[in-house]
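Let's walk through this structure with a few questions and answers. Take a look at it first, then try each question before reading on.

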Amino acid sequence: MPTTKPTSPYAGFADRLQQACDAADIPEGRARSRALATRFGISPEATRQWLHGRTVPEVGRLLELAEELECSLDWLLLGRLPSSGQVREPGGAYKTLSPQERAVVAAMRKLNARRRNALVQLLADS
């Protein structure tokens, strides 16, 4: 009797998340786990669980992921294409940032609330 390799319960979600990360130019491997963890303020272990299809984020986090990665929530979670037939949705804010601006946003997300507010005030005063 042939044996088949068991698939993870959320393998489809993990594949689509990887595709969305590829399209958003998020580095592969451990760097991808760290980048997602930093963007969403969670542990790299949680993002590894998503990327390997072991868990799926809670609904609020799924919404954030879809928005940040400029993809349809239906596609990301269920694999259903939007009516446009495109995975990526046009006009996402993160896509319009330059590499330098993305670096600033990434660094800012690592700051605590007090320092983030101070940085915003500093930039507003310039």
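Q: Is the crossing of H2 and H3 right-handed or left-handed?
A: This is a predicted model, where local features need pLDDT of at least 70, side-chain atom pairs count only at pLDDT 80 or more, and totals for chains, interfaces and linings use all residues. Residues are numbered from 1 along each chain as its sequence is written, and side-chain values use heavy atoms, with hydrogens and water left out. A crossing is left-handed if the near helix is turned anticlockwise from the far one by less than a right angle, and right-handed if clockwise. For H2 and H3, the crossing is right-handed.

Q: At roughly what angle do the axes of helix H2 and helix H3 cross?
A: Axes are lines fitted to C-alpha atoms, for helices over the stretch in contact, and angles run from 0 to 180 degrees between N-to-C directions. The axes of H2 (residues 30-40) and H3 (residues 44-51) come within 8 Å, and they cross at roughly 115 degrees.

Q: Which residues of H3 make the contact with H2?
A: Contact means heavy atoms within 4.5 Å. From H2 come Arg32, Ser33, Leu36 and Ala37, and their partners from H3 are Pro44, Thr47, Arg48 and Leu51.

Q: Which residues does leucine 36 touch, leaving out those up to four places away in sequence?
A: Leu36 is also among the residues that touch the most other members of the largest nonpolar core, which has 17 residues. Such a core is a set of buried Ala, Val, Leu, Ile, Met, Phe, Trp, Tyr and Cys residues joined through side-chain atoms within 4.5 Å. With those close in sequence left out, leucine 36 touches Cys21, Ile26, Thr47, Leu51 and Leu65.

Q: Which helix gives the most residues to this core?
A: Helices here are DSSP runs (H or I, at least four residues), numbered from the N terminus, while strands are E runs of at least two. The elements giving two or more residues to the core are H1 (11-23), H2, H3, H4 (59-68) and H5 (73-78). With four residues, the top giver is H1.

Conventions
Buried < 20%, exposed > 50% of the residue type's maximum accessible area, 1.4 Å probe, protein only.
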